[in-house]
Amino acid sequence: MELSITKLLQILLLFAPFAAYGASAVTASTGPAVVTPFGTTLFATVDSHGSPTYAWFEYGQGSSLTTQTKQHFVSMHADIKSLSVELTNLEKNISYSYRVGAYNAYGAAYGQTQTFVTGVSGSNS
């Protein structure tokens with residue numbers, strides 16, 4: 001069976017709305033860091049736009065982002081998901097940089113890099 005160009009275009013146009021449904025790259029926003037004497041908790045939000053998505057944090061001393069947390073699965077059924085991770089055993093009185101990263105089948109995204117200083121109580125961003 002041979003398909004004409006016209007017939008092929010009709011088939012593609014028929015299924016195009018279903019192929020595009022929910023198809024969008026992920027977005028990620030880095031939230032605040034809450035520093036306590038026991039550790040630092042990093043917060044972020046990730047919008048999967050309805051697609052299976054994985055997210056993680058990158059962090060490191062100074063401006064380097066040399067360490068990555070384990071990846072967390074972000075459900076495809078909840079578009080916007082809050083994400084947090086607690087970091088322990090960090091050196092005291094040191095400035096750290098961090099950001100959230102995420103990816104799905106349509107692309108990857110990173111939140112804005114932010115900083116915190118360990119050994120200081122309160123919230124930094």
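A salt bridge here is a side-chain nitrogen of Lys or Arg within 4 Å of a carboxyl oxygen of Asp or Glu. The model is predicted: local features need pLDDT of at least 70, side-chain atom pairs count only at pLDDT 80 or more, and totals for chains, interfaces and linings use all residues. Residues are numbered from 1 along each chain as its sequence is written, and side-chain values use heavy atoms, with hydrogens and water left out.

**Confidence**
- pLDDT is the predictor's confidence in each residue, from 0 to 100.
- The chain has a mean pLDDT of 82, and 75% of its residues reach 70 or more.
- Confidence is lowest in helix α1 (residues 5–20), at a mean of 46, and highest in strand β4 (residues 67–68), at 97.
- Where pLDDT is low, predicted coordinates should not be read in detail.

**Architecture**
- The chain holds 1 helix and 10 strands. Helices (H or I, at least four residues) and strands (E, at least two) are DSSP runs, numbered from the N terminus.
- The order from the N terminus is α-β-β-β-β-β-β-β-β-β-β.
- Contact means heavy atoms within 4.5 Å. Among contacts in the chain with a separation of 6 or more, 63% join residues 24 or more positions apart.
- T36 lies in strand β1. T36 and G119 are 83 residues apart in sequence, yet 7.2 Å apart in space, C-alpha to C-alpha.

**Burial and core**
- Buried means under 20% relative accessible area, exposed over 50%, and partly exposed in between (1.4 Å probe, protein chains only).
- Of the 125 residues of the chain, 31% count as buried.
- A nonpolar core is a set of buried Ala, Val, Leu, Ile, Met, Phe, Trp, Tyr and Cys residues joined through side-chain atoms within 4.5 Å.
- The largest nonpolar core has 21 residues; L42, V46, F57, L87, V100 and F116 have the most contacts inside it.
- Strands β1 (27–36), β2 (39–47), β3, β6 (80–87) and β7 (95–104) each supply at least two residues of this core. The most come from β7, with 4 residues.
- Not counting residues up to four places away in sequence, F57 touches residues including L42, F43, L83, V85, R99 and V100.

**Salt bridge**
- The side chains of R99 and E58 meet at 2.8 Å, N to O.
- R99 lies in strand β7 and E58 in strand β3, so the pair ties together parts that are 41 residues apart in sequence.
- R99 is partly exposed at 21% relative accessibility, while E58 is buried at 10%.

**Surface**
- Accessible areas come from the Shrake-Rupley method with a 1.4 Å probe; for residues, only the protein chains shown count as cover.
- The chain's accessible surface is about 7,600 Å², and 58% of this belongs to carbon and sulfur atoms.
- Y54, F73 and Y103 form a nonpolar surface patch, with about 280 Å² of accessible area together.
- Patches are made of residues with over 30% relative accessible area and no salt bridge: like charges are joined within 9 Å, nonpolar side chains (Val, Leu, Ile, Met, Phe, Trp, Tyr) within 5 Å.
- Y54 is found in strand β3 (residues 53–61) and is partly exposed at 33%.

**Positive phi**
- H49, in the loop between β2 and β3, has a phi near 55°.
- N89, in the loop between β6 and β7, has a phi of about 60°. N89 is exposed, with a relative accessible area of 79%.
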